[in-house]
Amino acid sequence: MKIQEIKDLAEQVDQASQHEEMIEKLTERNLEITEKSNLLAAQLRELESAAEVGEELDEQQNQEIKDIQSDLNAAEIELTKAKHDVNLSEKRCADAEAQLSQVSGLFSILKNDH
């Protein structure tokens, strides 16, 4: 009976040794997974931060585009007004030249009559 007990104890020791090896492997694997998880979490934080910066830059760019568009619209309105003023001035000049021509013609007629 003692031999059987010794065999049973030896088998239990072998099983305990196998269990200990399995625990060591699982512990190592758990540490590897934890390190990888921490690394991935850090990378995720970096990517989220970069995405936030990208969004802020997009918002700034969109605002700058709106501001530039507003400035462009105002400049186009000023240009249209300036063109209108130039056309009006050209018309007035043409009218003045025509009146000056009429006055010169009348002055010539009056000069010739005297």
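1. A residue is called buried when its relative accessible area is under 20%, exposed when the figure is over 50%, and partly exposed in between. The model discussed here is a predicted one, and the points that follow should be read with that in mind.

2. The secondary structure consists of 1 helix and 0 strands. With a radius of gyration of 48 Å, well over the 13 Å that the globule rule gives for 114 residues, the protein is more spread out than a compact globule. The C-alpha trace spans about 165 × 10 × 10 Å along its principal axes.

3. As for burial, buried residues account for 0% of the 114 residues. The protein exposes about 10,900 Å², and 56% of this area is supplied by carbon and sulfur atoms.

4. How many salt bridges does a search of the whole structure find? The search returns 1, and this salt bridge joins Arg29 to Glu32, whose closest N and O atoms are 3.8 Å apart. Both residues belong to helix H1, which covers residues 2-113, and they are 3 residues apart, about one turn of the helix.

5. Glu32 has a relative accessibility of 45%, so this residue counts as partly exposed. Arg29, at 48% relative accessibility, likewise counts as partly exposed.

Definitions and conventions
Residues are numbered from 1 along each chain as its sequence is written. This is a predicted model: local features need pLDDT of at least 70, side-chain atom pairs count only at pLDDT 80 or more; totals for chains, interfaces and linings use all residues. Side-chain values use heavy atoms; hydrogens and water are left out. A salt bridge is a side-chain nitrogen of Lys or Arg within 4 Å of a carboxyl oxygen of Asp or Glu. Helices (H or I, at least four residues) and strands (E, at least two) are DSSP runs, numbered from the N terminus. Buried means under 20% relative accessible area, exposed over 50%, partly exposed in between (1.4 Å probe, protein chains only). The radius of gyration is taken over C-alpha atoms; the globule rule is 2.2 Å times the number of residues to the power 0.38. Accessible areas come from the Shrake-Rupley method with a 1.4 Å probe; for residues, only the protein chains shown count as cover.
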